[in-house]
Amino acid sequence: MHTTCTSLASRVSTLTALIQLLAEDLIGISEDRPESWIAMAHSSSVANKKTRAIYFSQKAHNMDNLNIQALLTKGSLLSSVKRKSEAIDHYREVIRLSPFNYDGNKGLIECYLSSNRHKEALVVAKNAHKCLGTNARTLLLLAMVLAKESQTQEKAKQMLEKAVVQDPTFADAVYDLAGILTKEQNHEGVVELLRKHLSHIKNANLHILLGDNLAALSEYQEALDQYSIGI
């Protein structure tokens, strides 16, 4: 087990180094494009230098204030350091510029939920559903809100089940459905769900969640195998 943990730590270190090298290469090619500074923001973020990452994402935004990815990156970073009200402003701007942007709607809903502003989160989710129609992504956005209340959690679960049927490759819906099953301590159900969908999805978080549930079933070696794949 010690050897496995050492291997996992080594993989994380290698991935961080690769992201940093990519960002440096992009900056070397051009310092005048927002994409280069967005890459630098991600590089700083994985190195846990959040303040520096926010600075780089703002630099990208200053170069092109209509750049959706710059706004999304800064919004995500602000949210990660608990500056929710500022993150909300950035996600709102994304939706103003691109009303159908999934990441903008999802980020705004997550910020509202973490700020206990459930009614506003539900308004955003319902509006996305109205504008985009019923599909796997809009079902997920609604389920994210409904899952926060015990009396509507079963409805959220049903929506997520419908979402993964509509799009078996939609990792976000699979992850949230697995999360509800995990809370219900239905570890066998989670393992069955994730094994099924990981046959055609490559997603690190799903492998890690599978590892957690295998560990809960005392399947420790297989859990470590899943952690190794995920990291």
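**Burial, helix packing and positive phi in a predicted model**

Reader: Is A163 buried or exposed?
Author: The relative accessible area of A163 in this predicted model is 0%. Buried means under 20% relative accessible area, exposed over 50% and partly exposed in between, with a 1.4 Å probe and protein chains only. At 0%, A163 therefore counts as buried.

Reader: Which helix holds A163?
Author: Helices are DSSP runs of H or I with at least four residues, strands are runs of E with at least two, and both are numbered from the N terminus. A163 falls within residues 153–166. That stretch is helix α9.

Reader: Which residues does A163 touch, not counting residues up to four places away in sequence?
Author: Contact means heavy atoms within 4.5 Å. N135 is 28 residues from A163 in sequence, and their C-alpha atoms are 6.9 Å apart. The residues that A163 touches are A136, L139 and A173.

Reader: What is the mean pLDDT of the protein?
Author: pLDDT is the predictor's confidence in each residue, from 0 to 100. Residues are numbered from 1 along each chain as its sequence is written, and side-chain values use heavy atoms, with hydrogens and water left out. As this is a predicted model, local features need pLDDT of at least 70 and side-chain atom pairs count only at pLDDT 80 or more, while totals for chains, interfaces and linings use all residues. In the protein, 88% of residues reach 70 or more, and the mean is 90.

Reader: How are α2 and α3 oriented, roughly parallel or roughly antiparallel?
Author: Axes are lines fitted to C-alpha atoms, for helices over the stretch in contact, and angles run from 0 to 180 degrees between N-to-C directions. Angles under 35 degrees count as roughly parallel, over 145 as roughly antiparallel, 65 to 115 as roughly perpendicular and the rest as oblique. The axes of α2 (residues 34–46) and α3 (residues 50–63) come within 8 Å and cross at roughly 170°. The pair is therefore roughly antiparallel.

Reader: How many nonpolar, polar and charged residues are in the contact of α2 with α3?
Author: From α2 the residues include W37, I38 and M40, and from α3 they include F56, A60 and M63. Ala, Val, Leu, Ile, Met, Phe, Trp, Tyr, Cys and Pro count as nonpolar, Asp, Glu, Lys and Arg as charged, and the others, Gly among them, as polar. By class, the contact of α2 with α3 has nine nonpolar, three polar and three charged residues.

Reader: What is the phi of Q185?
Author: Q185 sits in the loop between α10 (171–183) and α11 (187–197). Its relative accessibility is 61%, so Q185 counts as exposed. Q185 is not a glycine, yet its phi is positive, at about 60°.

Reader: In which loop is the place of S218?
Author: S218 also has a positive phi, near 65°, and is a residue other than glycine. S218 counts as partly exposed because its relative accessibility is 45%. Its place is in the loop between α12 (204–216) and α13 (220–230).

Reader: How far apart in space are D212 and V191, C-alpha to C-alpha?
Author: D212 belongs to helix α12. With a relative accessible area of 38%, D212 is partly exposed. D212 and V191 are 21 residues apart in sequence, and the C-alpha to C-alpha distance is 9.6 Å.
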